[in-house]
Amino acid sequence: MEKIYSRASGIFEGAVSGFCPGCMHSTICKIVTQVIDELNMTDHTCFIQGVGCCGLSITYLDMDTISAPHGRACAIASAFKRCAPETLVFTYQGDGDLASIGLAETISAANRGENFTVIFVNNGTYGMTGGQMAPTTLVGTKTTTSPYGRDPGEHGYPIHMCELLSQLSAPAYIARVTCADVPNVRKAKAAVKKAFEYQLAGKGFSFVEFVTNCPTNWGMSPLETLDYVRDTVLNEFPLGEFRAK
Amino acid sequence: MAEKIFMKGCEAVSESAIRAGCRFFAGYPITPQNEVPEYFARRMPSVKGVFIQGESEVASANMVYGAAASGVRCMTSSSSCGISLKSEAISFMAGARLPVVLANFQRGGPGIGTIQPAQQDYNQATKASGNGGFRMLVLSPSDLQEAVDMTYRAFDLADKYQNPVMLLLDGFTGAMMEPVILPEAKTDEELDAIRATKTYATTGKKGGKQHKVICGPGLDTRVSQEEMNRRDAKMYEGWETDEIDYEEFLIDDAELILTAYGITGRIAKSAVKLLRAEGYKVGLIRPRTIYPFSKVAFDNLDYGKIRGILSAEMAIPEQFSTDVKTAVCGRTKVETALSSGGNILDRGYIIEQAKKLYGDK
């Protein structure tokens, strides 16, 4: 019988995800590894994992891995890709990692047009450390470090990475996607594939932002988070392709 | 015989690194080592190497982390407060056991310090260049020929131990010019062979059963943190017997020992020669490897005839001299001759202090 669906080869056989129930990290890992399989690149991939919940992927993804210091994945990826151009390179980073502590590394790698792919997982919170305010936390949202709600007067506004990077000339591909429903999962997968294809074609920096959830720290059931993403978060972070050179 | 070339310290170190096979360099401007990234920027294209001017010291050190993970010979350099910024990546590279070469052309401190030469990062280099209690071999040259030779050797040592190696220089050594004989450049074939030995490089599983992970203790679930710490401790211990290197000069009949490292070692050697000319029985111990410390050199002294030891360095308060005192362990008096703030330690002052400690001839 023809096998029409199986675990992506980039995920360990028998792997148990360390992600919380209902967290979209699992879906994103699945999409990314499926695309890499489709491109027949699993054995030629190096993924650079950020710090935070992204770091849990080290026990999940069965492909060569570099564990980056917090925020530095884009610096590591820049150098690695230049020294090993035949390897498919992607970073896997959350919002604290990419848009706060690693903001300089992210923007600078994008501005140099480094030929690797960023998978940016934006759930508006520091999940691993227990739900602190992130650079992408929505205005008014209560977190452990903004207990009275994010106040623009004190904390500023959520940072929009796709829009920010779109100000630069060098990036080749910039898109924002979500996994909040099935049609969007399919669109997200297409965006990831496009980003990797851009890299394989040597076009330069590619960036896919996932607007995602955190049931644990948002204090919602997984299904409630999906509604919240669709009804509220996407108003702040509109989906779409911002750049496709 | 190889030709002698007149070169500036920063450039001689850079050229030696390229000849040793360095094919990736990332750095960030900071005085007094700007000529290093500038040299790499000019020279790398001709050897098909990569130069990146990082957006910060933090980023450029992490770039070297990425380059080392790919298996190429790589290097970064900086100065003092810049090295502090690199310490995050240095710790990660030591934790992940990656071979890299680091150069610190020391300036003053703490904080931004002056841009003039100093030796105020001895403790940082030899005790804690980052969190977590790792160690690196630290080499410190007294002249440019030694700087060239040590740089070349540092790449082999980094590969041998799969660990960062630091060259501890200073603004003086970086800026001065001297004739040097450069080592033979490694061929592309030799470099390919070296890279092929780096089976840890995360360039894809390529049909291998297990994927490779570059990370420090704690994340790799296949080895416990304590196991990794013990493995590293054993390697550091091995250096105590295998990698200690120091110069002894006129110590056989010496009644007073001068000791210093790096550029100060050279000034102290010159002081020894002048004191000898005046009839003082003075000798020199000059550690070339400053981590691990050359304790053995001090253990080998005949303390029955030694009047004292004068330890000289460009750091206030003392740093290197504390290690000297620990090594001597009360067997004789240890005095210091110190300077800082960009003041090169004066030879006349060293001689004066040596005479005081020596007493009557």
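**Exercise 1. Find which residue of β8(A) is the bridge partner of Ile119(A), and build up the surroundings of this strand.**

Step 1. The partner of Ile119(A) in β8(A) is Val208(A). Val208(A) is also the bridge partner of Ala175(A), while Val177(A) has Phe210(A) as its partner in β8(A).

Step 2. Before going on, a word on the model: it is predicted, so local features need pLDDT of at least 70 and side-chain atom pairs count only at pLDDT 80 or more, whereas totals for chains, interfaces and linings use all residues. Residues are numbered from 1 along each chain as its sequence is written, and chains are lettered from A and ligands numbered from 1 in the order in which they are written.

Step 3. Now move from residues to strands, which are DSSP runs (E, at least two residues; helices are H or I, at least four), numbered from the N terminus. Two strands pair if DSSP finds at least two bridges between them. Strand β4 (residues 117–122) of chain A pairs with β8(A) in the parallel sense over six bridges. Strand β7 (residues 173–178) of chain A also pairs with β8(A) in the parallel sense, over six bridges.

Step 4. Check the cover. A residue is buried if 20 or more other C-beta atoms lie within 10 Å of its own, exposed if 12 or fewer, and partly exposed in between, with C-beta atoms placed from the backbone. In β8(A) (residues 206–211), six of the six residues are buried. In a regular strand the side chains alternate between the two faces of the sheet. Here Ser206(A), Val208(A) and Phe210(A) are buried on one side, and Phe207(A), Glu209(A) and Val211(A) are buried on the other.

**Exercise 2. Describe the side of chain B that touches chain A: which element gives the most residues?**

Step 1. Count the contacts (C-beta atoms, placed from the backbone, within 7 Å): 33 residues of chain B are in contact with 27 residues of chain A.

Step 2. List the elements that give two or more residues to this side of chain B: β2 (24–27), β3 (50–53), α3 (57–69), α4 (81–96) and β9 (213–214). The most come from α3(B), with eight residues.

**Exercise 3. Which residues of helix α4 (residues 103–112) of chain A are buried, and what do they pack against?**

Step 1. The buried ones are Glu105(A), Thr106(A), Ser108(A), Ala109(A) and Ala110(A).

Step 2. These buried residues pack against α2 (73–83), α3 (95–101), α6 (161–165) and β8 of chain A, together with α3 of chain B.

Terms used:
Contact = placed C-beta atoms within 7 Å.
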